[in-house]
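Please read it with the model open.

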Amino acid sequence: MKFDAEDNRWLAEYPWIKDPADLPDNRRVALSMLYSTERRLGKYTQHATVYDNQVRDMVQRGVARKLTKEELINYKGPIHYISHHEVLKPDSKSTPVRIVFNSSANYMGHVLNEYWAKGPDLLNSLLGILVRFRENEVAFIGDIKKMYHTVKTTVLDQHTHRFLWRDMVTDKAPETYVIQRVSFGDKPSATIATMAFRKTAEMGSEQYPAAAKIVKDNTYMDDIIESTTDLPNAQKLMQNIIRDLNHQRRF
């Protein structure tokens with residue numbers, strides 16, 4: 001993992017333990033899965049609109065991008081498509097459906113998730129975090145928004161995360177996109193995202209030592225959990241955590 005100063009983001013390479021050149025081109029199956037997803041979404045206009053807006057949001061935030069005709073022709077490396085489908089969230093009024101990308105699908109005996117190492121378990125002890133959370137009178141929690149999508153991936157990792165979409169316009173040919181950030185559900189994604197999170201805090205540790213220590217010791221995945229002696233100190237710590245995480249990059 002390295003810091004891309006030009007783009008102000010971390011760049012990570014997935015830990016391949018199998019040769020990605022062995023991955024079969026599974027576009028045909030991805031196309032079939034797209035048709036199935038469209039048929040289900042087409043029964044509920046609201047679901048289809050929310051789903052399409054989420055794809056558009058991914059593109060707008062730089063999480064995904066549409067491949068040009070030139071890229072499709074000129075790229076000669078390994079290719080693999082990620083199927084996607086909806087998961088219903090009936091209790092949510094704002095987001096009744098969300099997109100799930102499936103990197104664990106089996107195609108001709110090949111499972112993309114089995115091509116990567118998981119990496120070390122970097123999660124802090126949840127019991128220890130909860131005990132420290134109850135130590136002091138004033139407690140606070142925070143959440144890192146879309147944490148996985150903050151880390152860029154390499155060209156190889158992008159082309160093995162292709163997906164198809166056509167804006168729910170079923171009479172046009174599907175277009176090819178790539179996911180160009182770490183994707184939730186990939187075996188190494190939690191380790192990569194956690195490492196980027198901690199390295200970001202370390203970069204500002206000289207200026208915000210207490211905030212960096214909280215990120216290192218009192219976070220569980222994308223949740224920050226801490227307690228302190230009084231409200232002014234809690235407010236100061238929260239502000240410094242935000243400043244620390246935004247000191248070098250957009251977390």
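In this predicted model, a polar atom of the glutamine 158 side chain lies 3.0 Å from the backbone oxygen of threonine 153. Local features are given only at pLDDT of at least 70 and side-chain atom pairs only at pLDDT 80 or more, whereas totals for chains, interfaces and linings use all residues. Residues are numbered from 1 along each chain as its sequence is written, and side-chain values use heavy atoms, with hydrogens and water left out.

**Glutamine 158**
- Glutamine 158 is part of helix α5, residues 155-159; helices are DSSP runs of H or I with at least four residues, strands are E runs of at least two, and both are numbered from the N terminus.
- Glutamine 158 counts as buried because its relative accessible area is 8% (buried is under 20%, exposed over 50% and partly exposed in between, with a 1.4 Å probe and protein chains only).
- Beyond four places in sequence, glutamine 158 is in contact with Arg65, Thr153, Val178, Ile179 and Gln180, where contact means heavy atoms within 4.5 Å.

**Two buried asparagines in loops**
- Asparagine 113 sits in the loop between β7 (110-111) and α4 (126-133), and its relative accessibility of 7% makes it buried.
- A polar atom of the asparagine 113 side chain is 3.1 Å from the backbone oxygen of glycine 185.
- Gly185 is also among the contacts of asparagine 113 outside four places in sequence, together with Ser103, Ser104, Asp186 and Lys187.
- Serine 92 is 21 residues from asparagine 113 along the chain, and their C-alpha atoms are 30 Å apart.
- Asparagine 26 belongs to the loop between β2 (9-12) and α1 (27-42); it is buried, at 7% relative accessible area.
- His80, Tyr81 and Tyr107 touch asparagine 26, leaving out residues up to four places away in sequence.

**Nonpolar core**
- The largest nonpolar core has 54 residues, and Phe163, Trp165, Ile241 and Leu245 touch the most other members (a core is a set of buried Ala, Val, Leu, Ile, Met, Phe, Trp, Tyr and Cys residues joined through side-chain atoms within 4.5 Å).
- Contacts of phenylalanine 163 beyond four places in sequence include Val55, Tyr81, Phe101, Tyr177 and Val178.

**Pockets**
- The largest pocket has a volume of about 760 Å³. A pocket is an open set of points on a 1 Å grid over the protein atoms alone, where a 1.4 Å probe fits, with protein on both sides within 12 Å along at least five of seven lines; lining residues have an atom within 4 Å of a point.
- Of the 26 residues that line the largest pocket, Arg98, Ile99, Lys146, His149 and Phe184 lie nearest its centre.
- Strand β5 gives the most to this lining, with 5 residues, and α2 (45-60) also supplies at least two.
- The second largest pocket holds about 180 Å³ of space and is lined by 12 residues, with Ile144, Ile224, Ile241, Ile242 and Leu245 nearest its centre.
- By class, 9 nonpolar, 2 polar and 1 charged residues line the second largest pocket (Ala, Val, Leu, Ile, Met, Phe, Trp, Tyr, Cys and Pro count as nonpolar, Asp, Glu, Lys and Arg as charged, and the others, Gly among them, as polar).

**Whole chain**
- The protein chain has 8 helices and 13 strands.
- Of its 251 residues, 45% are buried.
- The C-alpha atoms fill a box of roughly 60 × 40 × 35 Å along the principal axes.

Terms used
Points joined across faces, edges and corners; volume = space filled by probe spheres on them. Polar contact = N/O pair within 3.5 Å; in protein donor to acceptor, adjacent residues only side chain to side chain.
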